[in-house]
Amino acid sequence: MASLPTPEEEKIRIELQNIFLDLLTSAQKLSYELATLDLKDSYTREELRDLFTAAKEVVTNVKKMHRFLERHGRRR
């Protein structure tokens, strides 16, 4: 029979879940931006801004995940 998580474990689980959902959402947004971008020789400032903003959000969330794993990861 599995034991109930401690309050600290539950807090960590919720934090990880939120980070993962943020990462997933930002990756989906970047995927959409890339999928709807028409191939052409040049792009408007707005098109590039949207694409780079979406990419920066993914990188930010990957960094959050990395910091989380550094704090809570266990070495085996």
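## Surroundings of S26

Leaving aside residues up to four places away in sequence, S26 touches A54, E57, V58 and N61, where contact means heavy atoms within 4.5 Å. The model is a predicted one, in which local features need pLDDT of at least 70 and side-chain atom pairs count only at pLDDT 80 or more, while totals for chains, interfaces and linings use all residues. Residues are numbered from 1 along each chain as its sequence is written, and side-chain values use heavy atoms, with hydrogens and water left out.

S26 lies in helix α1, helices (H or I, at least four residues) and strands (E, at least two) being DSSP runs numbered from the N terminus. With a relative accessibility of 2%, S26 counts as buried; buried means under 20% relative accessible area, exposed over 50%, and partly exposed in between, with a 1.4 Å probe and protein chains only. The side chain of S26 also makes a polar contact with the side chain of N61, at 3.0 Å. A polar contact is a pair of N or O atoms within 3.5 Å; within protein, one must be able to donate a hydrogen and the other to accept it, and residues adjacent in sequence count only if both atoms are side-chain atoms.

## Overall form

The protein chain has two helices and zero strands, and its C-alpha trace spans about 60 × 25 × 20 Å along the principal axes. A compact globule of 76 residues would have a radius of gyration near 11 Å, whereas the protein chain has 18 Å; the radius is taken over C-alpha atoms, and the globule rule is 2.2 Å times the number of residues to the power 0.38.

Of the 76 residues of the protein chain, 14% count as buried. Among contacts in the protein chain with a separation of 6 or more, 75% come from residues 24 or more positions apart.

The 28 residues of α2 should span 40 Å at 1.5 Å a residue, and its end C-alpha atoms are 40 Å apart, which agrees; the expected span is 1.5 Å times one less than the number of residues. The buried residues of α2 are L51, A54, V58, N61, M65 and F68, and they pack against α1.

The largest nonpolar core has five residues in all, namely L23, L30, L51, A54 and V58. α1 and α2 each supply at least two residues of this core, and α2 gives the most, with three residues. Such a core is a set of buried Ala, Val, Leu, Ile, Met, Phe, Trp, Tyr and Cys residues joined through side-chain atoms within 4.5 Å. L51 touches L30, E33, L34 and L37, not counting residues up to four places away in sequence.

## Salt bridges

A salt bridge is a side-chain nitrogen of Lys or Arg within 4 Å of a carboxyl oxygen of Asp or Glu, and by this rule the count comes to four. In one of them, the side chains of R71 and E15 meet at 2.4 Å, N to O. This pair links distant parts of the chain, with R71 in helix α2 (residues 45–72) and E15 in helix α1 (residues 7–35), 56 residues apart. E15 is partly exposed, with a relative accessible area of 27%.

The side chains of K29 and E57 form another salt bridge, at 3.5 Å, N to O. Here too distant parts of the chain are linked, K29 being in helix α1 and E57 in helix α2, 28 residues apart. K29 is partly exposed at a relative accessible area of 35%, and E57 counts as partly exposed at 30% relative accessibility. K40 forms a salt bridge with E47, their closest N and O atoms being 3.0 Å apart.
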